[in-house]
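Good morning, colleagues. Please look at the model on the screen while I describe a few of its local features.

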Amino acid sequence: MSFATPPGWYPDAETPGTERWWDGTAWTAHTRASAAAHPAPHEPAHPPYAPQAFGPPTAPPPPRGGSRTRVLAITLSSLLVLGAALTAAVLLGPHDSGTRAAPGPTASDPAPTAPATSATPSPEGSPDGDPGVLVDQLNGITLAVPDGWEKVKNTSDDAPTIRTAVSYDCPGTSASFCYRGTVSTRTARAGQSDPKAIAEADISTAADKAYEEDVLGRRTHGGITSHRVLKAEPVAVAGRTGYLVRWRVVTAKGPGGVVQSVAFPSTVGSETPVIVRLAFDADRPELPVSLMDTITRSVRPIGDSATSGGVGASIGP
């Protein structure tokens, strides 16, 4: 069982020789000289329910009003003095400069507007910002983007890709869009090093991706019914010896197409082989097979626009 300390005068622990009035729930701002030495005839020197007998209330009393008032007064005075000093410094300015701070805005001034922002430009000479150049940073190569083509921002396999700008309903299903021409670059699988073996293995994958079915399993051209090899030979790409395989594929629906896989060592890092895949719809006058050779010849190491001398050309025995 607990008892609340009754109202009364009690010694002020912060100010020896004085007493402060406890109203039964909190300390008040009322103080007086200690009555212990001169107890009033009608007040006992030690109240019968003094805090010493029962200890502090269950919860510690909050800061007493007198102390809090003094602290707030001192703090407010300090802030006023500091504010006055800062105002004078702003209005008068440095004495030795002869300048005065510019006046602040008024109600009649127009509201300030934020400066226009723009995307961070690519470094001067960087191929990343050139719409006519596809950049494969991972494999350290670039290649030219033909007129009327576009760079693809997002692909299912994150491969740097360009394609003809206009799409059409795939002949095998109206639920999917096809493009007349696509070119993409990628890194060969780990453990592969021979460009010939890589190109010969990749060409069937390139054909399936372009004319067999899409990523959702839809047979966009009715599937491939047959193919024949148009070219399979060594080739120089970006100054490196690689290998090229080209197929003509026949599909159940539509004109079919021509697909090509080129593999060659990268010019960066451990020279892990790079694959460039090309796929053109057949019988399109704007997509002659010679354009595949032109794109292959345009492959360069990043930062090297002068590489030539057999780049993309066949290598004789």
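Where is Ser-176 found? Ser-176 sits in the loop between strand E8 (167-169) and strand E9; helices (H or I, at least four residues) and strands (E, at least two) are DSSP runs, numbered from the N terminus. Before I continue, a word on the source: this is a predicted model, in which local features need pLDDT of at least 70 and side-chain atom pairs count only at pLDDT 80 or more, while totals for chains, interfaces and linings use all residues. Residues are numbered from 1 along each chain as its sequence is written, and side-chain values use heavy atoms, with hydrogens and water left out.

Ser-176 counts as buried because its relative accessibility is 7%; buried means under 20% relative accessible area, exposed over 50%, and partly exposed in between (1.4 Å probe, protein chains only). Its side chain and that of Asp-214 are joined by a polar contact of 3.4 Å. Such a contact is a pair of N or O atoms within 3.5 Å; within protein, one must be able to donate a hydrogen and the other to accept it, and residues adjacent in sequence count only if both atoms are side-chain atoms.

Let us turn to helix H3. Ala-199 is found in this helix and is buried, with a relative accessible area of 1%. Leaving out residues up to four places away in sequence, Ala-199 touches Tyr-243, Val-245, Ser-261 and Ala-263, where contact means heavy atoms within 4.5 Å. The C-alpha atoms of Ala-199 and Val-245 are separated by 6.1 Å, although the two are 46 residues apart along the chain.

Next, the charged pairs. How many salt bridges does a search of the whole structure find? The search finds 12, a salt bridge being a side-chain nitrogen of Lys or Arg within 4 Å of a carboxyl oxygen of Asp or Glu. One of them joins Arg-277 and Asp-202, with the closest N and O atoms 2.7 Å apart. This pair links distant parts of the chain, Arg-277 in strand E14 and Asp-202 in helix H3, 75 residues apart. Both Arg-277 and Asp-202 are buried.

Arg-163 and Glu-150 also meet in a salt bridge, at 3.1 Å, N to O. Arg-163 lies in strand E7 and Glu-150 in strand E6 (residues 149-152), so the pair ties together parts that are 13 residues apart in sequence. Arg-163 is partly exposed at 22% relative accessibility, and Glu-150 is partly exposed at 27%. Thank you.
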